[in-house]
Amino acid sequence: MTSVKEKHIIQEEFKSRMDEDELLNCMRCGFCLPSCPTYVESGFKESHSPRGRIALMKAVVDGVIEPDEDVERSLDLCLGCRACEPVCPSGVKYGHLLEEARDIINQNKKHTLPVRVMRKTAFNGLFPHQNRMRMLTNFLGIYQRSGIQSALHHTGLLRLLPESMASMERVLPKVPTMKEMKNRPTHLPALAAQKKRVAFFSGCLMDTMFLETNNATTRLLQHSGCEIVIPKAQNCCGALHGHSGEKDSAKELAKRNIAAFENLEVDYIITNAGGCGAFLVDYDHLLKDDPEWFERAVTFKKKIKDMSAILVELEFHKKDLRVRPQRVTYQDSCHLRNVQGTFLQPRILLQSVDGAEFHEMKDGDRCCGSAGIYNIVESEMSMQILDHKMEKVAESEATTIVTANPGCLLQMKLGIEREGLTGAIRAVHIADFLLEGLKE
(Lines give C-alpha, C1' and ligand atoms only; values in the text may rest on other atoms or scores of the structure.)
Protein backbone atom coordinates (compact mmCIF):
# COMPACT_ATOMS: atom_id res chain seq x y z
CA MET A 1 0.00 0.00 0.00
CA THR A 2 1.45 3.36 -1.04
CA SER A 3 1.29 5.97 1.73
CA VAL A 4 -0.06 9.49 1.30
CA LYS A 5 3.47 10.90 1.58
CA GLU A 6 4.79 8.49 -1.04
CA LYS A 7 1.93 9.37 -3.42
CA HIS A 8 2.74 13.07 -3.04
CA ILE A 9 6.43 12.51 -3.79
CA ILE A 10 5.60 10.30 -6.79
CA GLN A 11 3.17 12.89 -8.14
CA GLU A 12 5.77 15.66 -7.90
CA GLU A 13 8.33 13.42 -9.62
CA PHE A 14 5.84 12.74 -12.41
CA LYS A 15 5.42 16.49 -12.90
CA SER A 16 9.14 17.16 -13.04
CA ARG A 17 10.39 14.08 -14.90
CA MET A 18 7.74 12.86 -17.33
CA ASP A 19 8.10 14.16 -20.89
CA GLU A 20 4.90 16.19 -21.25
CA ASP A 21 5.48 16.79 -24.97
CA GLU A 22 5.57 13.03 -25.51
CA LEU A 23 2.44 12.57 -23.39
CA LEU A 24 0.64 15.21 -25.46
CA ASN A 25 1.91 13.61 -28.66
CA CYS A 26 -0.60 10.80 -28.14
CA MET A 27 -3.68 11.73 -30.21
CA ARG A 28 -5.88 9.09 -28.50
CA CYS A 29 -6.64 7.71 -31.99
CA GLY A 30 -6.72 4.08 -30.88
CA PHE A 31 -4.49 2.62 -33.60
CA CYS A 32 -2.46 1.02 -30.80
CA LEU A 33 -5.38 -0.88 -29.30
CA PRO A 34 -5.48 -3.99 -31.54
CA SER A 35 -1.69 -4.36 -31.25
CA CYS A 36 -1.68 -4.43 -27.43
CA PRO A 37 -1.81 -7.96 -25.94
CA THR A 38 -2.92 -6.87 -22.48
CA TYR A 39 -5.75 -4.73 -23.90
CA VAL A 40 -7.04 -7.69 -25.88
CA GLU A 41 -6.50 -10.30 -23.16
CA SER A 42 -8.12 -8.14 -20.45
CA GLY A 43 -11.36 -7.97 -22.44
CA PHE A 44 -10.59 -4.59 -24.05
CA LYS A 45 -10.03 -2.73 -20.80
CA GLU A 46 -8.95 0.82 -21.68
CA SER A 47 -6.62 1.20 -18.70
CA HIS A 48 -4.66 -1.82 -19.94
CA SER A 49 -3.96 -0.26 -23.35
CA PRO A 50 -1.08 2.06 -24.38
CA ARG A 51 -3.54 4.91 -24.92
CA GLY A 52 -5.11 4.31 -21.53
CA ARG A 53 -1.79 4.08 -19.73
CA ILE A 54 -0.59 7.33 -21.32
CA ALA A 55 -3.85 8.96 -20.22
CA LEU A 56 -3.20 7.75 -16.65
CA MET A 57 0.36 9.14 -16.72
CA LYS A 58 -0.92 12.49 -18.01
CA ALA A 59 -3.66 12.58 -15.36
CA VAL A 60 -1.05 12.04 -12.62
CA VAL A 61 1.12 14.82 -14.08
CA ASP A 62 -1.89 17.17 -14.17
CA GLY A 63 -2.93 16.28 -10.63
CA VAL A 64 -6.29 14.93 -11.81
CA ILE A 65 -5.68 11.56 -10.15
CA GLU A 66 -3.27 10.22 -7.54
CA PRO A 67 -0.59 7.65 -8.44
CA ASP A 68 -2.52 4.99 -6.56
CA GLU A 69 -2.46 1.20 -6.71
CA ASP A 70 -4.72 1.13 -9.78
CA VAL A 71 -2.26 3.27 -11.75
CA GLU A 72 0.67 1.14 -10.61
CA ARG A 73 -1.21 -2.04 -11.46
CA SER A 74 -1.94 -0.82 -14.98
CA LEU A 75 1.74 -0.02 -15.58
CA ASP A 76 2.93 -3.29 -14.01
CA LEU A 77 0.65 -5.34 -16.26
CA CYS A 78 2.19 -3.88 -19.41
CA LEU A 79 4.51 -6.31 -21.20
CA GLY A 80 6.65 -3.49 -22.56
CA CYS A 81 6.57 -5.23 -25.97
CA ARG A 82 6.30 -1.82 -27.72
CA ALA A 83 4.07 -3.21 -30.47
CA CYS A 84 2.15 0.06 -30.14
CA GLU A 85 5.07 2.13 -31.43
CA PRO A 86 5.31 0.98 -35.09
CA VAL A 87 1.53 1.50 -35.59
CA CYS A 88 1.39 4.93 -33.89
CA PRO A 89 0.83 7.69 -36.50
CA SER A 90 2.34 10.25 -34.10
CA GLY A 91 5.43 8.18 -33.36
CA VAL A 92 4.90 8.21 -29.59
CA LYS A 93 7.83 6.60 -27.79
CA TYR A 94 5.62 4.70 -25.38
CA GLY A 95 8.45 2.51 -24.10
CA HIS A 96 10.39 5.54 -22.87
CA LEU A 97 7.33 6.88 -21.03
CA LEU A 98 6.68 3.50 -19.42
CA GLU A 99 10.25 3.10 -18.18
CA GLU A 100 10.31 6.61 -16.71
CA ALA A 101 6.99 6.10 -14.92
CA ARG A 102 8.04 2.75 -13.50
CA ASP A 103 11.34 4.19 -12.29
CA ILE A 104 9.59 7.08 -10.52
CA ILE A 105 7.19 4.73 -8.74
CA ASN A 106 9.76 2.10 -7.77
CA GLN A 107 12.31 4.59 -6.48
CA ASN A 108 9.81 6.50 -4.34
CA LYS A 109 7.66 3.83 -2.72
CA LYS A 110 8.60 1.55 0.12
CA HIS A 111 8.52 -2.07 -1.00
CA THR A 112 7.90 -4.89 1.45
CA LEU A 113 11.02 -6.49 2.92
CA PRO A 114 10.84 -9.65 0.73
CA VAL A 115 10.46 -7.52 -2.42
CA ARG A 116 13.36 -5.26 -1.37
CA VAL A 117 15.59 -8.27 -0.76
CA MET A 118 14.63 -9.88 -4.06
CA ARG A 119 15.19 -6.70 -6.07
CA LYS A 120 18.51 -5.93 -4.41
CA THR A 121 19.72 -9.50 -4.89
CA ALA A 122 18.78 -9.63 -8.57
CA PHE A 123 19.51 -6.08 -9.73
CA ASN A 124 22.58 -5.30 -7.61
CA GLY A 125 23.97 -8.63 -6.52
CA LEU A 126 23.55 -10.87 -9.54
CA PHE A 127 23.09 -9.49 -13.07
CA PRO A 128 25.88 -6.87 -12.99
CA HIS A 129 28.43 -9.54 -11.98
CA GLN A 130 29.20 -12.11 -14.66
CA ASN A 131 31.23 -14.29 -12.29
CA ARG A 132 28.15 -14.63 -10.06
CA MET A 133 26.00 -15.44 -13.09
CA ARG A 134 28.47 -18.22 -13.88
CA MET A 135 28.31 -19.53 -10.32
CA LEU A 136 24.51 -19.60 -10.36
CA THR A 137 24.51 -21.34 -13.74
CA ASN A 138 27.08 -23.82 -12.42
CA PHE A 139 24.78 -24.69 -9.50
CA LEU A 140 22.01 -25.30 -12.04
CA GLY A 141 24.41 -27.52 -13.99
CA ILE A 142 25.22 -29.53 -10.87
CA TYR A 143 21.49 -29.92 -10.24
CA GLN A 144 20.98 -31.18 -13.80
CA ARG A 145 23.99 -33.46 -14.08
CA SER A 146 24.16 -34.94 -10.55
CA GLY A 147 20.90 -36.83 -10.75
CA ILE A 148 19.08 -34.51 -8.32
CA GLN A 149 16.84 -33.18 -11.09
CA SER A 150 15.93 -36.67 -12.26
CA ALA A 151 15.22 -37.79 -8.70
CA LEU A 152 12.93 -34.83 -8.03
CA HIS A 153 11.02 -35.53 -11.21
CA HIS A 154 10.49 -39.16 -10.17
CA THR A 155 9.32 -38.26 -6.65
CA GLY A 156 6.86 -35.67 -7.93
CA LEU A 157 8.07 -33.06 -5.43
CA LEU A 158 8.21 -30.43 -8.16
CA ARG A 159 4.41 -30.52 -8.26
CA LEU A 160 4.53 -28.50 -5.06
CA LEU A 161 5.72 -25.54 -7.11
CA PRO A 162 3.26 -23.28 -8.99
CA GLU A 163 2.38 -24.92 -12.32
CA SER A 164 4.22 -22.34 -14.46
CA MET A 165 7.39 -22.59 -12.35
CA ALA A 166 7.39 -26.40 -12.44
CA SER A 167 6.93 -26.32 -16.21
CA MET A 168 9.71 -23.74 -16.59
CA GLU A 169 12.08 -26.00 -14.66
CA ARG A 170 11.46 -28.75 -17.19
CA VAL A 171 12.28 -26.60 -20.22
CA LEU A 172 15.52 -25.01 -18.97
CA PRO A 173 18.41 -25.76 -21.33
CA LYS A 174 21.22 -28.10 -20.40
CA VAL A 175 23.76 -25.62 -19.12
CA PRO A 176 27.54 -25.63 -19.67
CA THR A 177 30.19 -26.44 -17.12
CA MET A 178 32.09 -23.77 -15.19
CA LYS A 179 35.18 -24.54 -17.27
CA GLU A 180 33.29 -23.92 -20.50
CA MET A 181 31.88 -20.64 -19.19
CA LYS A 182 35.27 -19.38 -18.02
CA ASN A 183 37.25 -20.33 -21.12
CA ARG A 184 35.73 -17.71 -23.38
CA PRO A 185 37.62 -16.35 -26.41
CA THR A 186 38.32 -12.64 -26.84
CA HIS A 187 39.20 -12.88 -30.53
CA LEU A 188 38.06 -15.18 -33.35
CA PRO A 189 39.39 -15.12 -36.93
CA ALA A 190 37.22 -15.15 -40.03
CA LEU A 191 36.80 -18.62 -41.55
CA ALA A 192 36.09 -17.21 -45.01
CA ALA A 193 37.46 -14.26 -46.95
CA GLN A 194 37.29 -11.43 -44.40
CA LYS A 195 34.59 -8.86 -45.11
CA LYS A 196 34.02 -7.22 -41.73
CA ARG A 197 35.63 -6.76 -38.34
CA VAL A 198 32.92 -6.91 -35.70
CA ALA A 199 32.54 -6.96 -31.95
CA PHE A 200 30.18 -9.43 -30.29
CA PHE A 201 27.92 -8.49 -27.40
CA SER A 202 27.86 -11.75 -25.46
CA GLY A 203 25.40 -10.72 -22.73
CA CYS A 204 24.93 -12.21 -19.27
CA LEU A 205 22.36 -15.00 -19.64
CA MET A 206 23.43 -15.63 -23.23
CA ASP A 207 27.04 -16.29 -22.22
CA THR A 208 26.08 -18.60 -19.37
CA MET A 209 22.77 -20.44 -19.68
CA PHE A 210 22.65 -20.07 -23.48
CA LEU A 211 26.36 -20.43 -24.13
CA GLU A 212 25.86 -22.88 -27.01
CA THR A 213 23.75 -20.30 -28.85
CA ASN A 214 26.52 -17.72 -28.45
CA ASN A 215 28.99 -20.26 -29.83
CA ALA A 216 26.67 -20.95 -32.76
CA THR A 217 26.36 -17.22 -33.44
CA THR A 218 30.09 -16.59 -33.55
CA ARG A 219 30.58 -19.66 -35.76
CA LEU A 220 28.05 -18.30 -38.27
CA LEU A 221 29.75 -14.91 -38.22
CA GLN A 222 33.15 -16.49 -38.83
CA HIS A 223 31.82 -18.43 -41.82
CA SER A 224 30.33 -15.20 -43.16
CA GLY A 225 33.75 -13.56 -43.24
CA CYS A 226 33.80 -11.75 -39.90
CA GLU A 227 36.78 -11.27 -37.66
CA ILE A 228 35.31 -11.09 -34.16
CA VAL A 229 36.43 -9.18 -31.07
CA ILE A 230 34.76 -10.06 -27.74
CA PRO A 231 35.74 -7.54 -25.03
CA LYS A 232 36.01 -9.00 -21.55
CA ALA A 233 35.02 -5.72 -19.90
CA GLN A 234 31.45 -5.86 -21.24
CA ASN A 235 28.58 -6.68 -18.87
CA CYS A 236 24.80 -7.06 -18.65
CA CYS A 237 23.00 -4.68 -21.03
CA GLY A 238 20.79 -3.33 -18.22
CA ALA A 239 17.46 -4.10 -19.90
CA LEU A 240 16.02 -5.88 -16.88
CA HIS A 241 16.98 -2.91 -14.70
CA GLY A 242 15.60 -0.33 -17.13
CA HIS A 243 12.29 -2.12 -17.55
CA SER A 244 11.84 -2.71 -13.81
CA GLY A 245 12.32 0.77 -12.39
CA GLU A 246 16.07 0.62 -11.68
CA LYS A 247 17.15 3.31 -14.12
CA ASP A 248 20.28 4.50 -12.30
CA SER A 249 21.69 0.96 -12.29
CA ALA A 250 20.85 0.64 -15.99
CA LYS A 251 22.80 3.84 -16.70
CA GLU A 252 25.88 2.54 -14.92
CA LEU A 253 25.79 -0.70 -16.87
CA ALA A 254 25.33 1.25 -20.10
CA LYS A 255 28.40 3.38 -19.41
CA ARG A 256 30.51 0.32 -18.72
CA ASN A 257 29.42 -1.28 -22.00
CA ILE A 258 30.04 1.86 -24.05
CA ALA A 259 33.55 2.14 -22.57
CA ALA A 260 34.21 -1.55 -23.28
CA PHE A 261 33.33 -1.30 -26.99
CA GLU A 262 34.11 2.25 -28.11
CA ASN A 263 37.82 1.91 -28.99
CA LEU A 264 37.74 -1.44 -30.78
CA GLU A 265 37.69 -0.06 -34.35
CA VAL A 266 34.95 -2.40 -35.54
CA ASP A 267 32.31 -2.07 -38.23
CA TYR A 268 29.45 -3.35 -36.08
CA ILE A 269 28.57 -4.56 -32.60
CA ILE A 270 26.60 -7.77 -33.11
CA THR A 271 23.81 -8.99 -30.83
CA ASN A 272 21.83 -12.24 -30.88
CA ALA A 273 19.15 -11.46 -28.25
CA GLY A 274 16.34 -9.16 -29.33
CA GLY A 275 15.74 -7.77 -25.85
CA CYS A 276 19.39 -6.90 -25.29
CA GLY A 277 19.79 -5.34 -28.72
CA ALA A 278 16.74 -3.13 -28.25
CA PHE A 279 18.03 -1.78 -24.96
CA LEU A 280 21.50 -1.19 -26.37
CA VAL A 281 20.10 0.97 -29.19
CA ASP A 282 18.24 3.00 -26.57
CA TYR A 283 21.41 3.95 -24.68
CA ASP A 284 21.31 7.43 -26.24
CA HIS A 285 17.88 8.02 -24.72
CA LEU A 286 18.91 6.49 -21.41
CA LEU A 287 21.89 8.88 -21.19
CA LYS A 288 20.30 11.90 -22.87
CA ASP A 289 20.74 14.08 -19.78
CA ASP A 290 24.41 13.21 -19.33
CA PRO A 291 26.56 15.50 -21.54
CA GLU A 292 29.66 13.40 -21.00
CA TRP A 293 28.05 10.18 -22.22
CA PHE A 294 25.28 11.13 -24.65
CA GLU A 295 27.43 11.52 -27.79
CA ARG A 296 29.37 8.39 -26.90
CA ALA A 297 26.03 6.56 -26.61
CA VAL A 298 24.95 7.84 -30.04
CA THR A 299 28.18 6.53 -31.61
CA PHE A 300 27.72 3.20 -29.82
CA LYS A 301 24.10 2.91 -30.95
CA LYS A 302 24.95 3.37 -34.63
CA LYS A 303 27.06 0.20 -34.61
CA ILE A 304 24.47 -2.16 -33.08
CA LYS A 305 23.25 -4.80 -35.54
CA ASP A 306 21.37 -8.04 -34.99
CA MET A 307 23.07 -11.22 -36.14
CA SER A 308 20.34 -11.92 -38.72
CA ALA A 309 20.84 -8.49 -40.30
CA ILE A 310 24.59 -8.91 -40.80
CA LEU A 311 24.19 -12.48 -42.05
CA VAL A 312 21.83 -11.26 -44.77
CA GLU A 313 24.10 -8.30 -45.54
CA LEU A 314 27.02 -10.70 -46.01
CA GLU A 315 24.82 -13.07 -48.07
CA PHE A 316 25.03 -16.01 -45.70
CA HIS A 317 21.62 -17.09 -47.02
CA LYS A 318 23.23 -17.86 -50.38
CA LYS A 319 25.32 -20.64 -48.86
CA ASP A 320 24.38 -24.31 -49.20
CA LEU A 321 22.20 -24.71 -46.09
CA ARG A 322 20.41 -28.03 -45.53
CA VAL A 323 18.46 -29.58 -42.66
CA ARG A 324 16.32 -32.66 -42.32
CA PRO A 325 12.77 -32.09 -43.70
CA GLN A 326 10.65 -30.09 -41.25
CA ARG A 327 7.90 -27.47 -41.23
CA VAL A 328 9.26 -24.24 -39.75
CA THR A 329 7.60 -21.09 -38.42
CA TYR A 330 9.02 -17.96 -36.80
CA GLN A 331 8.04 -16.18 -33.60
CA ASP A 332 9.22 -12.57 -33.66
CA SER A 333 11.14 -11.11 -30.76
CA CYS A 334 9.02 -8.05 -29.93
CA HIS A 335 12.00 -5.84 -29.25
CA LEU A 336 13.92 -7.02 -32.30
CA ARG A 337 10.94 -6.19 -34.50
CA ASN A 338 9.38 -3.17 -32.80
CA VAL A 339 12.51 -1.36 -31.62
CA GLN A 340 15.29 -2.49 -33.93
CA GLY A 341 13.03 -2.88 -36.95
CA THR A 342 14.54 -6.26 -37.82
CA PHE A 343 11.95 -8.75 -39.04
CA LEU A 344 12.53 -9.49 -42.73
CA GLN A 345 16.10 -10.78 -42.30
CA PRO A 346 15.28 -13.78 -40.06
CA ARG A 347 12.62 -14.84 -42.56
CA ILE A 348 15.02 -14.49 -45.50
CA LEU A 349 17.49 -16.74 -43.71
CA LEU A 350 14.91 -19.37 -42.78
CA GLN A 351 13.47 -19.48 -46.29
CA SER A 352 16.95 -20.13 -47.69
CA VAL A 353 17.44 -23.41 -45.82
CA ASP A 354 16.83 -26.50 -47.93
CA GLY A 355 14.59 -28.96 -46.07
CA ALA A 356 12.91 -26.21 -44.02
CA GLU A 357 9.38 -25.68 -45.30
CA PHE A 358 8.69 -22.18 -43.98
CA HIS A 359 5.15 -21.16 -43.01
CA GLU A 360 4.34 -17.75 -41.58
CA MET A 361 2.51 -18.01 -38.26
CA LYS A 362 -0.60 -15.86 -37.93
CA ASP A 363 0.15 -13.12 -35.38
CA GLY A 364 3.78 -14.21 -35.26
CA ASP A 365 4.57 -10.58 -34.50
CA ARG A 366 2.42 -10.59 -31.34
CA CYS A 367 4.15 -10.99 -27.96
CA CYS A 368 4.46 -14.53 -26.61
CA GLY A 369 4.13 -13.33 -23.01
CA SER A 370 7.73 -13.80 -21.90
CA ALA A 371 8.83 -10.16 -21.63
CA GLY A 372 11.92 -10.60 -19.43
CA ILE A 373 10.67 -11.78 -16.04
CA TYR A 374 7.02 -10.99 -16.83
CA ASN A 375 6.15 -14.69 -17.10
CA ILE A 376 7.28 -15.05 -13.48
CA VAL A 377 5.85 -11.89 -11.87
CA GLU A 378 2.65 -11.79 -13.98
CA SER A 379 2.21 -15.51 -14.58
CA GLU A 380 -1.58 -15.50 -15.08
CA MET A 381 -1.59 -12.94 -17.90
CA SER A 382 1.58 -14.42 -19.40
CA MET A 383 0.07 -17.92 -19.59
CA GLN A 384 -3.15 -16.53 -21.04
CA ILE A 385 -1.15 -14.88 -23.82
CA LEU A 386 0.95 -18.02 -24.32
CA ASP A 387 -2.12 -20.26 -24.63
CA HIS A 388 -3.42 -18.11 -27.47
CA LYS A 389 0.04 -18.10 -29.07
CA MET A 390 0.07 -21.89 -29.04
CA GLU A 391 -3.27 -21.89 -30.87
CA LYS A 392 -1.51 -20.02 -33.69
CA VAL A 393 1.38 -22.48 -33.58
CA ALA A 394 -1.09 -25.33 -34.00
CA GLU A 395 -2.68 -23.59 -36.99
CA SER A 396 0.75 -23.27 -38.63
CA GLU A 397 1.26 -27.06 -38.29
CA ALA A 398 4.95 -26.33 -37.65
CA THR A 399 7.27 -28.91 -36.16
CA THR A 400 9.97 -26.31 -35.45
CA ILE A 401 9.44 -22.86 -33.91
CA VAL A 402 12.39 -20.52 -34.45
CA THR A 403 12.93 -17.49 -32.21
CA ALA A 404 15.58 -14.77 -31.81
CA ASN A 405 15.55 -14.09 -28.07
CA PRO A 406 16.26 -16.34 -25.05
CA GLY A 407 13.10 -15.33 -23.20
CA CYS A 408 10.96 -16.08 -26.24
CA LEU A 409 12.74 -19.40 -26.66
CA LEU A 410 11.99 -20.51 -23.09
CA GLN A 411 8.40 -19.25 -23.37
CA MET A 412 7.76 -21.23 -26.55
CA LYS A 413 9.33 -24.31 -24.95
CA LEU A 414 7.01 -23.74 -22.01
CA GLY A 415 4.05 -23.56 -24.39
CA ILE A 416 5.08 -26.85 -25.99
CA GLU A 417 5.36 -28.44 -22.53
CA ARG A 418 1.96 -27.09 -21.41
CA GLU A 419 0.30 -28.41 -24.56
CA GLY A 420 1.85 -31.87 -24.13
CA LEU A 421 3.68 -31.57 -27.45
CA THR A 422 7.21 -32.35 -26.28
CA GLY A 423 8.77 -34.57 -28.95
CA ALA A 424 6.32 -33.45 -31.63
CA ILE A 425 7.37 -29.79 -31.79
CA ARG A 426 10.63 -28.12 -30.83
CA ALA A 427 11.66 -24.50 -30.26
CA VAL A 428 15.14 -23.33 -31.27
CA HIS A 429 17.12 -20.10 -31.52
CA ILE A 430 17.76 -19.02 -35.10
CA ALA A 431 21.55 -19.21 -34.61
CA ASP A 432 21.35 -22.86 -33.54
CA PHE A 433 18.97 -23.65 -36.37
CA LEU A 434 21.19 -22.09 -39.03
CA LEU A 435 24.27 -23.85 -37.68
CA GLU A 436 22.41 -27.16 -38.08
CA GLY A 437 22.12 -26.36 -41.76
CA LEU A 438 25.72 -25.26 -42.28
CA LYS A 439 27.96 -27.95 -43.66
CA GLU A 440 31.37 -27.03 -42.25
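Colleague: Which residues of helix α21 are buried?

Modeller: In this predicted model, local features need pLDDT of at least 70, side-chain atom pairs count only at pLDDT 80 or more, and totals for chains, interfaces and linings use all residues. Residues are numbered from 1 along each chain as its sequence is written, and side-chain values use heavy atoms, with hydrogens and water left out. Helix α21 spans residues 344-351, helices being DSSP runs of H or I with at least four residues and strands runs of E with at least two, numbered from the N terminus. Buried means under 20% relative accessible area with a 1.4 Å probe and protein chains only, and the buried residues of α21 are Gln345, Pro346, Arg347, Leu349 and Leu350.

Colleague: Which elements do the buried residues of α21 pack against?

Modeller: Contact means heavy atoms within 4.5 Å. The partners are α19 (307-313), β6 (322-330), α20 (334-338), β7 (354-358), β8 (400-403) and α25 (430-437).

Colleague: How much space lies in the largest cavity?

Modeller: A cavity is a set of points on a 1 Å grid over the protein atoms alone where a 1.4 Å probe fits but cannot get out, and its lining residues have an atom within 4 Å of a point. Points are joined across faces, edges and corners, and the volume is the space filled by probe spheres set on them. The largest cavity holds about 150 Å³.

Colleague: Which residues are closest to the centre of the largest cavity?

Modeller: Both α4 (50-62) and α6 (84-87) give two or more residues to its lining. Of the 17 lining residues, the closest to the centre are Cys26, Cys32, Ile54, Cys88 and Val92.

Notes:
On a 1 Å grid over the protein atoms alone, a cavity is a set of points where a 1.4 Å probe fits but cannot get out, and a pocket is an open set with protein on both sides within 12 Å along at least five of seven lines; lining residues have an atom within 4 Å of a point. Buried means under 20% relative accessible area, exposed over 50%, partly exposed in between (1.4 Å probe, protein chains only).
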